[in-house]
Amino acid sequence: MHRFDLSFRNLVIAGLIGLCLGVPPAALAADSDLPKSVVDTLRQQKLSAKDLGIWIQAVDSKKPLLAHLPDNLYNPASVMKLVTSVAALDILGTNFQWPTRVYADALPVNGVIHGNVYIKGSGDPWFRSEDLWDLMRQLNDLGVREITGKLIIDNSYFDPGPADPADFDNHPERVYNALPQALLLDNRATRVLITPPDRTGGSAVVRAWPPNPNLQVQNDLKLVKGPCTGRANQPSIVVQGSDTNTPSIDVNGTYSAQCTPDQYYFVAGNANDAIYYAFKHMLTQQGGKIDGLWSEGITPSSAVFLAQHNSENLTQYLYLQNKWSNNLMARQIFLTIGAEIKGPPGTPLKAKAAIDAWLKEIGMNWQGFDIENGSGLSRKARISPRQMGELLRYAWDSPIMPELMASLPIAGVDGTMRKRLRGEPARGMIHLKTGTLRDVRAGAGYMITESGRRYVVVILQNEPNVQNGGGSRVQDALLDWLYHNG
């Protein structure tokens with residue numbers, strides 16, 4: 001009997017068995033190309049092979065080792081950051097930097113700037129308080145002691161469009177929902193610091209940074225005795241009105257005097273408030289002052305340049321973005337691509353157009369692909385396993401491969417993969433970007449197998465509740481199979 005005839009006969013038998021068992025023939029057929037360990041794990045986790053897309057290909061091969069539903073479109077969650085990463089490395093360059101500049105209406109005279117000071121952002125994805133301090137140090141070196149006007153915050157490099165941080169999951173206070181802006185401080189996060197009381201006793205101390213007077217902090221922590229474990233260290237922090245100009249942070253629960261200081265991060269209040277009050281606080285610490293408040297505007301062409309802070313380069317930022325799946329950094333980088341290629345202001349439409357043009361330039365005409373905002377925090381984003389596999393093969397053969405590889409979480413070692421496969425032989429052999437949303441579990445990257453061969457791996461799952469552990473177990477079963485059989 002010919003091999004085709006045997007395969008056809010087996011398929012017919014499988015279909016008949018499926019009908020007897022009440023299982024659709026398509027579901028059984030979809031299982032047939034998967035390793036037995038993966039099929040078994042799917043059944044144990046009550047997940048379907050019909051909602052799982054796979055592309056596995058050796059980097060030195062023109063054909064995939066395993067392709068399961070490779071052309072179906074899936075929501076990839078944060079795995080979409082790989083597209084943003086590869087595009088940014090190719091389009092912007094590995095050493096691309098974001099400058100943040102300070103201008104004024106006039107140079108200081110006897111330490112006084114008569115007029116406004118302008119701080120102009122260019123989309124720095126990780127502009128921190130330390131970086132603002134660098135700018136303030138430069139102003140101090142220029143002898144600036146007083147600003148008679150306002151602080152004008154120039155966000156004109158981006159136009160991300162209207163958005164509500166509560167739209168995705170009704171949690172606008174969570175830092176992963178922070179919205180992009182050309183000038184942001186500390187990834188738009190407010191830091192809540194809890195420290196034990198000093199030697200004089202009293203209650204635990206709660207402070208917020210930046211020191212925004214429009215932010216009300218209510219400290220109702222109950223100080224308890226005993227070691228800093230379990231119930232003795234359960235502070236509860238609730239943010240009210242996080243996206244308003246007058247938010248509040250309520251801190252309650254229990255806290256042991258033996259606890260060490262701890263930090264928590266939330267989106268709370270106006271992003272420009274954070275910049276202004278941090279700026280004012282630092283200026284005051286240097287013995288200076290600013291007479292006016294802040295407003296948002298455009299730096300006039302007549303403004304005098306005073307200071308500049310250059311960000312770290314793109315390669316170092318991708319390490320932070322991908323190891324820990326930072327959504328806001330990805331959105332900032334995505335908009336930067338639009339601004340740099342299509343001209344400011346950077347918009348989602350410009351960024352999409354720039355990336356679509358780049359994909360076609362490198363020979364990838366992807367049907368149905370939708371990157372939406374570049375971060376994967378999206379219900380609209382779509383990509384197929386084959387498309388993602390093609391991208392990773394392209395990156396492997398390109399000069400940017402070392403930079404991309406270094407940015408990916410390592411199984412059992414760091415980032416979002418640090419707890420996965422820790423006790424398995426494949427530990428340390430897998431560089432995988434992960435993705436998780438409600439009803440989405442995904443992973444894509446590279447693996448060195450037991451044989452020493454290197455593979456591109458793409459695993460995309462879209463199924464109700466797949467994010468609750470079952471999807472990870474299916475992925476780990478596949479990764480373990482590939483390690484021993486690739």
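Between which two helices is proline 345 found in a loop? Proline 345 is found in the loop between H8 and H9, and a cis peptide bond, with omega of about 0°, joins proline 344 to proline 345.

## Basis of the model

This is a predicted model, in which local features need pLDDT of at least 70 and side-chain atom pairs count only at pLDDT 80 or more, while totals for chains, interfaces and linings use all residues. Residues are numbered from 1 along each chain as its sequence is written, and side-chain values use heavy atoms, with hydrogens and water left out.

## Overall architecture

The secondary structure of the protein comes to 12 helices and 20 strands, where helices (H or I, at least four residues) and strands (E, at least two) are DSSP runs numbered from the N terminus. Along its principal axes the C-alpha trace spans about 95 × 60 × 40 Å. Of the 486 residues in the protein, 52% are buried; buried means under 20% relative accessible area, exposed means over 50%, and partly exposed lies in between, with a 1.4 Å probe and protein chains only.

Contact here means heavy atoms within 4.5 Å. Among the contacts with a separation of 6 or more, 70% are accounted for by residues 24 or more positions apart.

## Nonpolar cores

A nonpolar core is a set of buried Ala, Val, Leu, Ile, Met, Phe, Trp, Tyr and Cys residues joined through side-chain atoms within 4.5 Å. The largest nonpolar core has 47 residues, and those with the most contacts inside it are Val83, Leu314, Ile355, Met388, Leu392 and Tyr446. The elements that give two or more residues to this core include H4, helix H7 (314-323), helix H9 (348-361) and strand E19 (440-448), and H4 gives the most, with 6 residues. Apart from this core lies another, of 28 residues, among them Leu42, Ala49, Ile56 and Leu479.

Methionine 388 touches Val79, Leu82, Val83, Ile383, Ala444 and Val458, when residues up to four places away in sequence are not counted.

## Helix packing

Two packed helices are described by the angle between their axes and the distance between the axes. Axes are lines fitted to C-alpha atoms, for helices over the stretch in contact, and angles run from 0 to 180 degrees between N-to-C directions. The axes of helix H4 (residues 81-91) and helix H10 (residues 385-396) come within 11 Å and cross at roughly 35°. This crossing of H4 and H10 is left-handed, a term used if the near helix is turned anticlockwise from the far one by less than a right angle, and right-handed if clockwise. On the H4 side, Leu82, Val83, Val86 and Asp90 meet Met388, Leu391, Leu392, Tyr394 and Ala395 in H10. The residues of the contact of H4 with H10 divide into 8 nonpolar, no polar and 1 charged, where Ala, Val, Leu, Ile, Met, Phe, Trp, Tyr, Cys and Pro count as nonpolar, Asp, Glu, Lys and Arg as charged, and the others, Gly among them, as polar.

H4 also packs with H7, at an angle of about 175° and with the axes 11 Å apart, which makes H4 roughly antiparallel to H7; angles under 35 degrees count as roughly parallel, over 145 as roughly antiparallel, 65 to 115 as roughly perpendicular and the rest as oblique. Lys81, Ser85, Ala88 and Leu89 of H4 make this contact with Leu314, Thr315, Leu318, Gln321 and Asn322 of H7, and these residues divide into 4 nonpolar, 4 polar and 1 charged. Helix H3 (residues 36-44) and helix H12 (residues 470-485) pack at an angle of about 170°, with their axes 9 Å apart. Ser37, Val38, Thr41 and Leu42 in H3 meet Arg473, Val474, Ala477, Leu478 and Trp481 in H12.

## Loop residues and backbone features

Tryptophan 126 lies in the loop between strand E5 (117-120) and H5, and counts as partly exposed at 27% relative accessibility. Another cis peptide bond, again with omega of about 0°, joins tryptophan 209 and proline 210, and proline 210 lies in the loop between strand E9 (205-209) and strand E10 (216-219).

Asparagine 170, in the loop between strand E7 (151-154) and strand E8 (190-195), has a positive phi near 65° and is exposed, with a relative accessible area of 59%. Serine 325, in the loop between H7 and H8, has a positive phi of about 55° although it is not a glycine, and counts as buried at 18% relative accessibility.
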